[in-house]
Amino acid sequence: MRIFLDTANIEEIRQAAKLGIISGVTTNPSLMMRAGRSDYREVAQEICYLVQGPVSAEVTALEAEEMIRQAQEIAQWSPHVVIKIPVTAEGLRAIRILSESDVDAGSICLGCAWLGQCDMDPAVAHDLALTWGIRTNATLVFSANQGLLAARAGATFVSPFVGRLDDAGNDGMEVVADIVQIFATYDLATQVIAASIRHPMHITEAARLGAHIATVPYDVLMKAIRHPLTDVGIERFMADWEEVKRKAET
Ligand code: E4P
């Protein structure tokens, strides 16, 4: 299972990227608000530069035509960008049309401040945009049916929101398990992103159930790295090594 970071906070992404365990990032308008940013293109392009993997950016429209218009614009920001679209009737219609649309590859990485410093050169970006087309992440998935319908519409990813389901008294992981099983049964290529992750056990459970990806807030990732017994173990090894050195010197 791959790990994405669920944030629009550049400093968090920079820190997590240094660890070499992050394969992508998911953002949404609420995460942009929390990061105190309104310049979605600049934020998304910097994240693409830092992570060099799928970066989800969300449309902010309710009707399919406007979702598609926004998606076509967002898709030009980078070949890494994935368009996040909520699962509604209009959203499914937009996902279907986008899954069969091309990116305007001639305008790829439009206005990117990182061109020249980026690992991906413009010719490769152009070719990837043509190969990948417009990739979508069906978001706000709260049932197995929504996941199945999004996959049938041609979504690249679906994001069941585990924590929000748990908060509402449901079992969020059951929805992840159902979707993983349905996709395997019918050989659907859509990847499952366990989203709305609240604590490290959610990561373990998602991995156990066969989710392709868990998108994890920075604080949950830090909690997942640490274990008190690791800290105690390090402390003991350091103290014992000091003792070894002290004895060797005497
Ligand atoms: C997923 O892509 C969403 O950005 C995110 O996981 C939502 O999580 P929340 O319930 O913590 O807002």
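How many residues line the largest pocket, and which of them lie nearest its centre? The views below start there. This is a predicted model, where local features need pLDDT of at least 70, side-chain atom pairs count only at pLDDT 80 or more, and totals for chains, interfaces and linings use all residues. Residues are numbered from 1 along each chain as its sequence is written, and side-chain values use heavy atoms, with hydrogens and water left out.

**View A. The largest pocket is lined by 26 residues.** Asp 6, Asn 28, Leu 31, Arg 34 and Pro 217 are the ones nearest its centre. On a 1 Å grid over the protein atoms alone, a pocket is an open set of points with protein on both sides within 12 Å along at least five of seven lines, and lining residues have an atom within 4 Å of a point. The volume is about 390 Å³, taken as the space filled by probe spheres set on the points, which are joined across faces, edges and corners. Helix 2 (29-34), strand 5 (136-141) and helix 11 each give two or more residues to the lining, and the largest share, three residues, comes from helix 2. Helices (H or I, at least four residues) and strands (E, at least two) are DSSP runs, numbered from the N terminus. The lining splits into nine nonpolar, ten polar and seven charged residues. Here Ala, Val, Leu, Ile, Met, Phe, Trp, Tyr, Cys and Pro count as nonpolar, Asp, Glu, Lys and Arg as charged, and the others, Gly among them, as polar.

**View B. The largest cavity holds about 110 Å³ of space.** A cavity is a set of grid points where a 1.4 Å probe fits but cannot get out. Its lining has 13 residues, with Cys 48, Ser 78, Cys 109, Cys 112 and Cys 118 nearest the centre. By class, that makes nine nonpolar, four polar and no charged residues.

**View C. Helix 7 (residues 144-153) and helix 9 (residues 172-185) cross at roughly 35°.** Their axes, lines fitted to C-alpha atoms over the stretch in contact, with angles running from 0 to 180 degrees between N-to-C directions, come within 9 Å. The crossing is right-handed, meaning the near helix is turned clockwise from the far one by less than a right angle. Ala 144, Gly 147, Leu 148 and Ala 151 of helix 7 meet Val 175, Asp 178, Ile 179, Ile 182 and Phe 183 of helix 9; contact means heavy atoms within 4.5 Å. Seven of these residues are nonpolar, one is polar and one is charged.

**View D. Helix 1 (residues 10-19) meets helix 11 (residues 218-225) with axes within 11 Å.** This crossing is left-handed. Glu 12, Gln 15, Ala 16 and Leu 19 of helix 1 touch Tyr 218, Leu 221, Met 222 and Ile 225 of helix 11.
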